[in-house]
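Look at the structure first, then read on.

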Amino acid sequence: MKNLKAKDFKQKLIAITSQDPAQCYQCGKCSAGCPVRDFAEAPPNRVVRYVQLGLYDKAMTSPTIWLCAGCQTCTSRCPQEFDLAKFMDAVRELAIAYGVKSADKKTQEFHEAFLKQIENFGRAYELGMLIDYKLKSKDFFQDVDLAPSTFSKGKLSLLPHNVKGKQQIKKIFKESGEVKK
Amino acid sequence: MKIGVFVCHCGENIGRTVNCPEVSKACASFPGVVHSEDYKYMCSDPGQNLIKQAIREKHLDAVVVGSCSPHMHEKTFRKACASAGINSYMVEIANLREHCSWIHEDINQATKKAIDLMRFAVERVKFNQPLETIKVPVTKRSLVIGGGISGIQAALDIANAGFEVVLVEKEPSIGGHMSQLSETFPTLDCSQCILTPRMVEVYQHPKIKLLSYSEVEHVEGFIGNFKVTIRRKAKSVKEELCTGCGLCAEKCPIKKKALSEFDEGLSNRPAIYVPFPQAVPNVPVIDRSVCTYFKTGKCEMCKKVCGREAIDFTQQDTFVTEDVGSIIVATGYKLYSIDKKPEDSIYKGYGEYGYGKFKNVINGLQFERIASASGPTSGEMLRPSDKTVPKKIVFIQCVGSRDESKGFSYCSKICCMYTAKHAMLYKHKVHDGEAYVFYMDIRSGGKNYEEFVRRAIEEDHVNYIRGRVSRIYEEDGKLIVKGEDTIAGLPVVIEADLVVLATAMIAQQEAPKLAQTLNISYDKYGYFQEAHPKLRPVETNTGGVFLAGACHSPRDIPESVAMGSAAAAKSLVLFGADMLEREPIIAKVDATTCAGCFYCQKVCAYNAIEKKEIRDRLGNLQKVVAFVNSGLCQGCGTCNATCPSKSIELIGFKDDQIFAQINAFAEV
């Protein structure tokens with residue numbers, strides 16, 4: 001855990017999301033409807049609770065923030081009109097900014113590997129992502145048995161797909177990166 | 001003029017931020033002031049005695065008190081001064097608390113401001129004149145709007161005290177929502193059994209005039225002297241002839257076209273109907289929107305079978321006027337509907353709970369009808385879709401309540417209790433059934449309420465799950481309820497047979513319209529506003545109009561009954577005197593300068609401006625001028641500010657008094 005000023009985290013979070021986590025009254029409706037709920041140890045509402053209690057490290061290291069698919073089901077059903085998807089996004093952003101790694105590193109590493117492909121090629125380049133992820137996670141044998149069948153079905157092309165406007169996408173990444181700073 | 005000045009510390013409220021002894025000292029030097037002192041609690045008995053003593057010893061003509069808001073203690077000090085021999089209206093209050101100490105921090109600046117406020121009041125009081133209270137006669141009769149339990153209680157209390165009551169009910173029968181309930185918390189006694197005797201008592205009471213199927217159309221007048229126009233909707237049945245035998249309803253060929261309002265749409269009713277068998281009065285009405293005769297001109301079955309010839313298709317709405325002294329509003333509530341709402345509606349409905357399209361997702365009142373012995377299933381626990389016994393039932397609380405996004409931010413207050421009751425009733429009827437309650441908090445404040453909820457959990461083994469349900473969908477005839485147990489942090493999925501939503505209590509749709517008719521305020525939800533949230537909970541800002549029951553805010557039966565009695569007591573206070581005394585702070589027209597433009601009439605919110613003809617000695621009309629009805633005028637001053645020729649003055653707030661204050665300010 002880095003030397004983290006607690007007050008700073010909350011201020012930054014509120015600045016990014018334009019909403020105060022105190023708005024959440026912990027009814028759990030978000031978690032009840034969350035499609036990735038079954039894979040997360042801590043339900044989404046609990047991540048908000050961590051922040052409400054000032055346990056920012058617990059929030060930032062929670063794998064839940066990296067499992068969040070950003071589908072916004074929670075946001076659309078929240079009785080308090082708390083934008084939980086936005087909240088999750090902000091916690092991820094701050095975790096990166098503070099250099100805090102997830103307790104379950106792999107999820108975060110997968111996320112990073114995925115985004116890197118988007119930055120480079122404009123869409124997911126599966127093989128590149130696979131290699132990148134395996135280098136990051138050092139878990140070379142996970143799901144390796146699936147490779148032949150995936151490859152034979154043409155799901156793993158050797159070369160990245162081309163998209164138009166790669167330069168614009170690079171620019172988006174560059175500028176949003178600058179905004180963060 | 002000899003003026004006495006009294007500065008109150010209000011304990012620490014003023015004393016903490018205003019140096020009261022210094023204020024008192026400064027006031028002593030104001031021209032006209034012959035006495036000045038400060039005291040810790042001026043409103044207390046010893047404080048009031050200081051004022052009285054000074055009045056007697058120094059022969060004061062006027063008094064200025066620096067204290068809290070005049071709303072709080074103006075009356076107290078006026079009374080004290082009157083008892084010592086000076087006119088009540090020779091007393092002025094300088095608000096040193098709300099206008100000074102509470103809103104400032106720096107003691108030096110606050111003290112300086114307090115001295116200024118005192119000086120303004122001293123300058124003003126020099127122009128005060130002794131006034132006498134206005135006396136108006138009282139009509140000792142009451143109008144009660146709404147025949148639910150709260151209105152019934154109010155009507156009976158007033159009638160039993162010996163005064164006449166006009167009870168207006170818009171439905172064909174009195175009884176309100178309470179008549180729909182099966183059993184009541186926390187004692188589980190049958191709702192009908194305790195209510196219907198009261199309904200009959202209302203009907204038979206010689207002092208109560210019951211106008212069912214009627215609505216208040218227009219109200220004029222003022223406290224003690226209201227004139228109310230009531231629309232008596234056409235029942236198409238002659239009330240005086242009908243014996244309530246029920247043959248017409250039995251023979252009516254329209255059986256399935258109309259949904260029963262009383263059964264919350266779970267059963268059908270004929271075109272000519274009484275809402276329920278115990279209805280009071282037991283006189284049917286014809287629903288003209290579905291009646292074959294009114295659609296095609298043929299049928300007349302009811303007319304043919306009626307031995308008393310009570311059916312009258314030609315009946316029209318009639319209007320009656322009633323003179324009353326007080327009005328009690330007891331119009332009750334409605335339930336939030338989860339159905340999809342039009343764009344301009346203030347609430348949205350619940351898509352995640354199916355927008356009302358699942359037959360087995362019902363609301364609390366529908367469950368009451370299913371559980372009720374007089375309901376569509378005769379009290380058997382059967383679900384609406386296939387009339388089978390639900391083995392798994394889910395109750396969801398806070399639907400529409402505490403929901404900023406789709407409903408209202410307030411708590412509907414009664415749902416925690418009635419859900420516990422519903423779960424209990426279900427378990428008592430379906431012994432092998434499982435009941436689940438999704439709640440956020442259990443709010444069971446009330447005598448024996450918490451014990452009741454614990455009984456549901458401990459004795460009837462109702463499963464309480466803390467969490468809000470995210471979605472309900474249908475799969476293979478089951479309702480899949482997706483929730484989360486936030487205590488265990490585990491997802492919960494229940495395959496339910498029946499889901500009961502504890503939907504929010506909301507204000508009647510017509511409430512704002514009625515509020516405008518009665519000239520009372522209402523809040524953003526449509527609930528009527530009381531005059532003071534703590535000290536005047538049943539009074540409105542319009543004198544003589546009182547509130548009872550759930551038209552004010554969500555309330556359960558005991559509270560509604562208590563409020564009905566309270567409103568009745570407030571009416572009886574009015575009727576206790578032959579003449580009403582009211583503040584002389586009203587507008588007065590100077591007929592010599594009034595040009596008769598009647599701008600004042602246009603802006604008056606209380607319809608207090610009337611026309612008065614000025615004639616010479618021979619009876620020739622000279623001019624028409626404005627005239628203020630002293631009973632109606634509330635002393636708001638709008639006419640005063642509007643009058644182009646400055647012909648209206650507000651007594652007690654005359655121009656010279658106000659200018660004296662402003663000039664004192666300019667001297668600073």
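## A hairpin and the interface beside it

B:Arg471 stands opposite B:Lys482 in strand β25 of chain B. The model is predicted, so local features need pLDDT of at least 70 and side-chain atom pairs count only at pLDDT 80 or more, while totals for chains, interfaces and linings use all residues. Residues are numbered from 1 along each chain as its sequence is written, chains are lettered from A and ligands numbered from 1 in the order in which they are written, and side-chain values use heavy atoms, with hydrogens and water left out.

The two residues belong to a pair of strands. Strand β24 (residues 471–475) of chain B runs antiparallel to strand β25 (residues 478–485) of chain B, and five bridges join them. Two strands pair if DSSP finds at least two bridges between them. Helices (H or I, at least four residues) and strands (E, at least two) are DSSP runs, numbered from the N terminus. The hairpin of β24(B) and β25(B) has two residues between the strands, and B:Asp476 takes a positive phi near 50° there.

How many residues of chain B are in contact with chain A? The number is 25 residues of chain B, against 19 residues of chain A, where contact means heavy atoms within 4.5 Å. Chain B and chain A bury about 1,600 Å² between them, with 44% of it on carbon and sulfur atoms. Buried area is the accessible area (1.4 Å probe) that two parts lose on being put together, summed over both. In chain B, the residues that lose the most area to chain A are B:Arg468, B:Ser470 and B:Glu484, together 29% of what that side buries.

B:Glu484 also forms a salt bridge with A:Arg37, the closest N and O atoms being 2.8 Å apart. A salt bridge is a side-chain nitrogen of Lys or Arg within 4 Å of a carboxyl oxygen of Asp or Glu. Between chain B and chain A the count is two salt bridges. The interface also holds 13 residue pairs in polar contact, both residues at pLDDT 80 or more. A polar contact is a pair of N or O atoms within 3.5 Å; within protein, one must be able to donate a hydrogen and the other to accept it, and residues adjacent in sequence count only if both atoms are side-chain atoms.

On the side of chain B that touches chain A, β25 and β26 (490–496) of chain B each supply at least two residues. β25(B) gives the most to that side, with three residues.

## Domains

Domain bounds come from an automatic or database domain assignment. Chain B is divided into domain 1 (3–125), domain 2 (141–330 + 531–575), domain 3 (333–506) and domain 4 (587–651). The centres of domain 1 of chain B and domain 4 of chain B, taken over C-alpha atoms, are separated by 35 Å.

Chain A is divided into domain 1 (6–98) and domain 2 (105–174). Their centres, again taken over C-alpha atoms, are separated by 27 Å. Chain A has 11 helices and zero strands, and its C-alpha atoms fill a box of roughly 50 × 35 × 35 Å, taken along the principal axes.

## Elsewhere in chain B

A search of the whole structure finds 42 salt bridges over all chains. In one of them, B:Lys227 pairs with B:Asp323, the closest N and O atoms being 3.1 Å apart. B:Lys227 is in strand β12 (residues 225–232) of chain B and B:Asp323 in strand β17 (residues 318–324) of chain B, 96 residues apart.

Most residues other than glycine have a negative phi, and most peptide bonds are trans.

| Cis peptide bond | Omega | Loop holding the proline |
|---|---|---|
| B:Phe185 to B:Pro186 | near -5° | between β8 (183–184) and β9 (189–190) of chain B |
| B:Val280 to B:Pro281 | near 0° | between β15 (272–273) and β16 (285–286) of chain B |

B:Glu309 has a positive phi near 50°, and B:Glu309 lies in the loop between α10 (301–305) and β17 of chain B.
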